[in-house]
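Please examine the structure shown here together with the report below.

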Amino acid sequence: MNSLERYLGMLKGERVDHVPRIPIVMQYAAERIGSNYGEFASDFQVLVEANRRCAREFGFDQLSAISDPYRETEGFGGKITYVRDGVPRCTHPLENSKDLSFLLKPDSKTSTRMADRIRAIEDYRRLDSKDFSIMGWVEGPAAEAADLRDVANFMMDTIEDSGFVADLMDICTQAGISFAKAQVAAGADTIGIGDAVASQLPPETYETLIQQREKLLVDAIHSSGALVRLHICGNITHLLPGIAGLDVDILDVDHMVDLAAVREAVGPRVAISGNIDPVSGVLRGTPASIRSHVVNSYRIVGNPFMVNAGCEIPAGTPSKNLLALCEPLDYMETTR
């Protein structure tokens, strides 16, 4: 059974040889091939080489096109500055204005950084489409709106001007749908949605402003023939009732969230991914403690489950620790 068969089999409820491993690596992967984060974020060839190397050396079952939150933002008119050993910096096109006409129209063919991600997926398809799952990535409506307005402004907008927030997120949602479909056409079988800022908002704001737009994005991705992996960093406990209604295929869970509560909220079909602390658990842990955490998480959640840290694997993580995280975990028969 290869990685793609294992990944799809788990999601279909079939018996697989062992649990799929889907960690997110960015700066870690870049440094693994002697490169750096700036090159990883700006050159699809570096991103592809780095992810392929890690997949083979550590046993990942998915190749990812994620690098940073600013692919769409650049398409909307943001100006990018690459940082050698950090996340790219980006201006916020609406930081000082609510005039939506200031925004350019993102286009995956002509927007430089969006086109670069498409090229990464095309490379994966050419090299690995029969062996690995290929995951594209889009920003969720709240995350992209915050990137365009700046986080502090966006937070205030949700309190003071919900109508503007709704209009802005509608634009972001449509851009996300278009970008997601382009990545599926390029060869992605799964699209990750990153909407981290949502975890910082109260449940009523999430349910009235954000959840319905995430749902539109999820449904559009499904209609294009791809799977959906939702990634909201931080504590999503208060958002679980709304998330349960999104119908995602995989839900990434950060380390501060109770796995039993997640399974109870989302039901038996959604694959839960996580949730060891990337820093204290993976970077600073031991192979034995990491293995124990993964086994215990699987016992709590049952099938479907995928091995992952709560978020990105940190740069500097010892190889032995990442190997321990990805050590094949026997498929367990469960009653779920």
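The report covers a helix, a group of aromatic rings and a pair of packed helices.

## Basis of the description

This is a predicted model, in which local features need pLDDT of at least 70 and side-chain atom pairs count only at pLDDT 80 or more, whereas totals for chains, interfaces and linings use all residues. Residues are numbered from 1 along each chain as its sequence is written, and side-chain values use heavy atoms, with hydrogens and water left out.

## Helix H12

Helices (H or I, at least four residues) and strands (E, at least two) are DSSP runs, numbered from the N terminus. H12 spans residues 259-266, and its residues Leu259, Val262, Arg263 and Val266 are buried (under 20% relative accessible area, 1.4 Å probe, protein chains only). Viewed down the axis of H12, these buried residues fall within an arc of 95°, so they line one face of the helix; the arc is that of the directions from the helix axis to the C-beta atoms. Their cover includes helices H11 (240-244) and H14 (287-301) and strands S7 (250-253) and S8 (271-274).

At the N-terminal end, Asp258 caps H12, with a side-chain oxygen 3.3 Å from the backbone nitrogen of Ala260. Gly267, with a positive phi near 85°, follows H12.

## Packing of H7 and H9

Helices H7 (residues 141-149) and H9 (residues 162-186) pack at about 110°, with axes 8 Å apart; axes are lines fitted to C-alpha atoms over the stretch in contact, and angles run from 0 to 180 degrees between N-to-C directions. H7 is therefore roughly perpendicular to H9 (65 to 115 degrees). In contact (heavy atoms within 4.5 Å) are residues including Leu148 of H7 and Phe164 of H9.

## Aromatic rings

The whole structure holds 4 aromatic pairs (ring centres of Phe, Tyr or Trp, the last by its six-membered ring, within 6.5 Å). The rings of Phe58 and Phe60 have centres 6.3 Å apart and planes at 25°, so this pair is stacked (planes under 30 degrees apart).

Note on methods. Buried < 20%, exposed > 50% of the residue type's maximum accessible area, 1.4 Å probe, protein only. Polar contact = N/O pair within 3.5 Å; in protein donor to acceptor, adjacent residues only side chain to side chain. Phe/Tyr/Trp six-rings, centres within 6.5 Å; stacked < 30°, edge-to-face > 60°. Parallel < 35°, antiparallel > 145°, perpendicular 65-115°, else oblique.
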